[in-house]
Amino acid sequence: MQLNLPADSSAENIARLWQAVMPEIVRLGTGDELVLNADNVQTCAGAGEALILDLHRRSAVQGFTIVCRDSRGVVERTLRIFDVKKYLADEAVPTAAAARHTRTADQIGRAVADIYASVCGQMAFLGEMTVSALRLVMQPKRLRLRDTMLHFERAGVDALPITLLIGFLLGVILAFMSATSFRRFGVEVYVADLIAIGLFRELGALITAIILAGRSGSAFAAELGSMKVNEEIDALVTLGLPPVVFLAMPRVIAATLVMPLLTIFTIMAGLLGGVLVMMSLGIPATVYWQHVFKSTPLSNVMLGLFKAAVFGLLIGLVGCAQGLRADRTADAVGRAATAAVVGSLVLITIFDGVFAVMAYILRI
Amino acid sequence: MPDEIVIKVENVSAGYEEPVLENINFSVRRGEIFVILGGSGCGKSTLLKHMVGLTPPLAGEIQLMGDSVNGGNAADRARALRHFGMAYQSGALFGSMTLLENVSLPIESFTALPRPARLLLAAMKLDLVGLKEYASFFPAEISGGMKKRAAIARAMALDPPILFLDEPSAGLDPVTSAGLDRLILRIRDLQGVTVVMVTHELASIFAVADRCVMLDKQSRGMLAVGRPADLRDNPPCAAVRAFFNREGGN
């Protein structure tokens, strides 16, 4: 068999040649001869060198011989730069996915180790936060008030438009949905009760928490993750400033304090959406507000706001923990932000369930 | 064609809104290692960004292999961008990919080579910079010097005739830095590539540079162009003398 390397051994030409000849080359064996004609080669790019190297690698593995016509020294030069012996074994040319093609047992082991490390990391972070919080109670001046206010503004004031919009639409949707069913029984006036109880006890805090987790929890993780990539967190540690106090505490406090306030705005917007729908259905606004006030005992309001504060605390803790635990790569920052949102939502749902059970037991 | 001009910088004003450099003129010949040097903030990296088409210069024209990077039509500019590879100061490797994947990315994107050929070619490029054994490592798992070498392998993946290097020695110890200098020389000798690098490491300049241009922050211009040894022995002004007589120039 004879193989003529093209005068212009560019990637385009070599790609065509490679596809055409390789099916025949792989069938060559001991006793076969391949004449490799490189006499016409004017320019030989990396692709041409790769073909020459691959042929010699296959020759050594499959047992066929190569006779070179190499008046320009192209083949000789390639083999001088690249040692064929290093490429002989198939595994010597690693596949792109080599690092990821691991055995199932290995993957399970790694997953378990990752979960264990994650739980340990979260516990350590929680412990550090608790100790820092206690120290802060003793020495309130240690709190970076300016940073706390900045995060309060970013997580709270800046989130107000989206919170109001979603709260308003939630009220509209709730009112329309329930009014359709209630009308059949002629009790659409009780839609106001449903909206008030739903928003104050459950939905106000829950919806606001979902917004805050998506907006600020992910931002906390991304900010801290980026700071880790830029070695800013290492700089804090070497300056003797604990990152938890310096970075996490202001964010966690801001998230905890801002959540009840945002929840109030969500509830107000929701009630407003509800009253507009009710008025469009012919129920006077005064009747609507009467029902809202009657069906909203203080315990409902307090329960909703307490839940909101706890959700805010969870969002702050998870966001900061994920950010501080992030690896030092760009995609790790993205993963930390995702983990912060997912982790927050899971914890919010679990805690919401716990609160529901507790409220039932305590008859709140 | 050893004297063929492959890079032309003509009357370039470099900067983003206000010029930090004005009226910059120089050319680079095929196979040369050309160093852009100067003090911090003089506009070296800004000029390099103009040369690789990341941002347009405020005035003037830059040509790579006869194709305009900032003037001409879109086709010219697209063709000019295929003439070079660039290795960034930090390496700028993609963290979610192994070294082999990083190097094979441009090969996969711009050639029709079959997968085994792509992987072999990428492995050869890593071999060229001494990193074949680290092909399945992720950037986070290797040292700073190795990242810079891997970045050079990725920049060389499509065998461009021009290679731009932004501060390749920055942050490296002298031994690693000297190793990188040897690698740059080896790549130039093996591949015949033209290298333009930004650096202010004297040892590197004297080890690799055929010629250099020295930029100045105060005058917003070029202080000198020439062989490093000539500039050291016959400095045209006090600033050049001060720079080249710091230390190490031999």
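Two strands are taken to pair if DSSP finds at least two bridges between them. Helices (H or I, at least four residues) and strands (E, at least two) are DSSP runs, numbered from the N terminus. The model is predicted: local features need pLDDT of at least 70, side-chain atom pairs count only at pLDDT 80 or more, and totals for chains, interfaces and linings use all residues. Residues are numbered from 1 along each chain as its sequence is written, and chains are lettered from A and ligands numbered from 1 in the order in which they are written.

Chain B holds 9 helices and 10 strands. Its radius of gyration, taken over C-alpha atoms, is 18 Å, close to the 18 Å that the globule rule (2.2 Å times the number of residues to the power 0.38) gives for 250 residues, so chain B is as compact as a globular protein of that length. Along the principal axes, the C-alpha atoms of chain B fill a box of roughly 55 × 45 × 35 Å. Of the 250 residues in chain B, 47% are buried. A residue counts as buried if 20 or more other C-beta atoms lie within 10 Å of its own, as exposed if 12 or fewer do, and as partly exposed in between, with C-beta atoms placed from the backbone. Two residues are in contact if their C-beta atoms, placed in that way, lie within 7 Å. Among contacts in chain B between residues at least 6 apart in sequence, 64% join residues at least 24 apart.

One open sheet of chain B has 4 strands in the order E2-E1-E4-E5, with antiparallel pairing. Strand E2 (19-29) and strand E5 (67-68) stand at the edges, each with a single partner strand, so one side of each is left without a neighbour in the sheet. Strand E1 (residues 5-15) and strand E4 (residues 59-64) of chain B are joined by 5 bridges in the antiparallel sense. Lys8(B) has Gln63(B) as its bridge partner in E4(B). Helix H1 (residues 44-51) of chain B packs on the sheet and touches E1, E2 and E4. The direction of H1(B) makes about 125° with that of E1(B); axes are lines fitted to C-alpha atoms, for helices over the stretch in contact, and angles run from 0 to 180 degrees between N-to-C directions.

Gly43(B) lies in the loop between strand E3 (33-38) and H1 of chain B. This residue is buried, with 24 other C-beta atoms within 10 Å. Beyond its neighbours within four places in sequence, Gly43(B) is in contact with Ala14(B), Gly15(B), Val20(B), Leu21(B) and Leu215(B). The C-alpha atoms of Gly43(B) and Ile162(B) are separated by 21 Å, at 119 residues apart along the chain.

Strand E7 (residues 162-166) of chain B is mostly covered, with 5 of its 5 residues buried. Ile162(B), Phe164(B) and Asp166(B) point one way from E7(B), and Leu163(B) and Leu165(B) the other way. Strand E6 (residues 84-87) of chain B pairs with E7(B) in the parallel sense over 4 bridges. Here Phe164(B) is the bridge partner of Met86(B). E7(B) also runs parallel to strand E8 (residues 194-198) of chain B, joined by 5 bridges.

The contact between the chains takes 24 residues from chain B and 27 residues from chain A. On the chain B side, helix H3 (99-110) and helix H4 (115-128) are the elements that give two or more residues. The largest share, 8 residues, comes from H4(B).
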